[in-house]
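Please keep the sequence and the model in view while going through the points.

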Amino acid sequence: MISFDNVGFRYGVGPEILHDVSVSIEAGSFHFLTGASGAGKTTLLNMMHLSLRPTRGFLSIFGQDVGALKRRRMPALRRQIGMVFQDFRLLDHMSVFDNVALPLRLDGQKEREIRRDVTSILEWVGLGDALQASPRALSGGEQQRVAIARAVVGRPGILLADEPTGSVDEAIGQRILRLFEELHRLGTAIVIATHNRSLIERFPHARLELNDGNLVRLPGGPARSEVSPRSEVSQ
Amino acid sequence: MSGIPFKSEQRTMRALSVLVTGLMVALGILVLAGAATLRHVDTAWRHALSDRWTVETTAADANRAVAALKTAPGVTEVRIVPADEMRHLLQPWLHDAALTAQLPLPTLIDVMIDRDRPPSSTALAQQLTAAVPEAKLDDHGAWTRDLLRIAEAGEAIGLAVFAAIALTAILTIAATARARLAINRDEIVLLHSLGATDGFIAGQFQAGAFRATVIGVVIGAMLAAAAIVGVIKGAPPVIPFVAELRLEPIDWAVLALVPVGAILLAMLVTRWTAYGLARRLP
């Protein structure tokens, strides 16, 4: 699904912040991406989300060589990847419904299907009564759930989440993690960047830890976590 | 694909777009109408003066001068201008009927020239002075050339100003599109991350600009049309030197193309600018 092979990355002419990252994220897997603040978690997620390209090495997403990927091919590939941003990135001038409908509208789906899917996904995240609400009127946890609904409404093959519990309390954080677990059970590959150790301990999936730009695998991984052999070693 | 409203499609931004577009279109139409009018004035003067020369003489010599002119080749008609008609012509310039009536006037003879076979003014002057040595032939060449040059320059300046307005409009539209993209930068990055193409984002900006552009263009065109009709109707007393200000049907057709062109130009520039900037965003 996503394969890093000796990938390095630097911003402009600055120092390299990711070194020789080699890992494979397989379909249906669940990974926590951990590391101290500034370790490069968001950068790694952005590369998985095609917002950044490797400065060296080989990165393949859904079988496409990202280094050689033409810009016009990126939108279709991005629609197969769901992304939950740390700061939610909801559009305040649009309703909750319209925020969640965005990926489907960009995909050109019919309004009837959009209404059905968006209503259904918002009910799934527990916001079925907030369809026409403004995101500004919601709490942080509710906004995070809207962001998750938007990320998964298009049924992506992989869901990336950047500190999804970073701005919510422990209870809401656990509820959000359970949503991710449900998605995982439905077959969606999940990668969650987080530094919330208590949550990681409650949901013991495979961990990829970034230390000074080097990616290492740490023990964890119960039954549903399937880390490929290539991800076991990095550096 | 359904429309996705951006933040900048708010009242202030839209009002500014309507105002700027309206002003540009009104100015463009007025300048183009002015250039067309000058072209008609130029043509009218050429026609009026190219086949009509004037001889100045005394009342005593007038009949001899007429006789000499009638026998000259290329002359189709000769007529002594009545004194009343001359005073009538002078009236708008002097604004004083009593003064005009007392003014000593020379005798003027209108000489109509065959436009297809005009005589040489030098040869005709020689033939005339052979009969009436004191008579003076004026083919209006000296001052006509200056007037026509002024009219031509005015027309050229009008077209240049129109081009400058069009260029300013392009730059303004591009700047407005850039401002809207800058305001909505985060939304564009988000839309990209959700799988939006650069063309889709450019299309959204184009659609957002369309309504404001059409409203501005309609208001500008109506204001310009009202101004043109007002000037044409009020022209004779306002500009006594020009007998008639008018626009031909073809001129109105060209002026009608300005609003259509303005809408197309605004849409193209907005799309082109938005597409170029969207491509630079992640």
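The numbered points below concern the interface between the chains, salt bridges and helix packing.

1. The structure is a predicted model. Local features are described where pLDDT is at least 70, and side-chain atom pairs are counted only at pLDDT 80 or more.

2. Extent of the interface. Contact between the two chains involves 18 residues of chain A and 22 residues of chain B. The area buried between chain A and chain B comes to about 1,800 Å²; carbon and sulfur atoms contribute 66% of that area. On the chain A side, the residues that lose the most area to chain B are A:R71, A:H93 and A:L106. Together these three residues give 38% of what that side buries.

3. Charge pairing across the interface. Side chains of opposite charge can pair when their charged atoms come close. Between chain A and chain B the count is one salt bridge. The side chains of A:R71 and B:D198 form a salt bridge, with an N to O distance of 2.6 Å. A:R71 is also among the residues of chain A that lose the most area to chain B.

4. Salt bridges in the whole structure. Over all chains, the search finds 17 salt bridges. One of them joins the side chains of A:R56 and A:E16 at 2.8 Å, N to O. This pair links distant parts of the chain, the two residues being 40 apart: A:R56 lies in strand β4 (residues 56-61) of chain A, and A:E16 lies in strand β2 (residues 16-25) of chain A.

5. Helices α5 and α6 of chain A. Two packed helices are described by the angle between their axes and the distance between the axes. In chain A, the axes of helix α5 (residues 140-152) and helix α6 (residues 170-185) come within 10 Å and cross at roughly 15°. The helices α5(A) and α6(A) are therefore roughly parallel. Their crossing is right-handed. From α5(A), the contact is made by A:G141, A:Q144, A:R145, A:I148 and A:V152; from α6(A), the partners include A:I172, A:I176 and A:F180. By class, this contact of α5(A) with α6(A) has seven nonpolar, two polar and two charged residues.

6. Helices α3 and α5 of chain A. Helix α5(A) also packs with helix α3 (residues 96-106) of chain A, at an angle of about 30° and with the axes 7 Å apart. As the angle falls under 35 degrees, α3(A) and α5(A) are therefore roughly parallel to each other. Here α3(A) passes α5(A) in a right-handed crossing. The residues A:V96, A:N99, A:V100 and A:P103 of α3(A) meet A:V146, A:A149 and A:R150 of α5(A). Five nonpolar, one polar and one charged residues make up this contact.

7. Helices α6 and α9 of chain B. In chain B, helix α6 (residues 141-183) and helix α9 (residues 249-280) pack at an angle of about 40°, their axes being 9 Å apart. The two helices α6(B) and α9(B) are therefore oblique to each other, and their crossing is right-handed. Among the contacting residues are B:F162, B:I170 and B:R178 of α6(B), together with B:L265, B:V269 and B:T273 of α9(B). By class, the contact of α6(B) with α9(B) has 14 nonpolar, two polar and one charged residues.

Key
Residues numbered from 1 in each chain as written. Chains lettered and ligands numbered in written order. Heavy atoms only, no water. Axes fitted to C-alpha atoms, helices over the stretch in contact; angles between N-to-C directions. Helix = DSSP H or I, 4+ residues; strand = E, 2+ residues; numbered from the N terminus. Parallel < 35°, antiparallel > 145°, perpendicular 65-115°, else oblique. Left-handed = near helix turned anticlockwise from the far one by under 90°. Contact = heavy atoms within 4.5 Å. Nonpolar A, V, L, I, M, F, W, Y, C, P; charged D, E, K, R; others polar. Buried area = accessible area lost by both parts, 1.4 Å probe. Salt bridge = Lys/Arg side-chain N within 4 Å of Asp/Glu carboxyl O.
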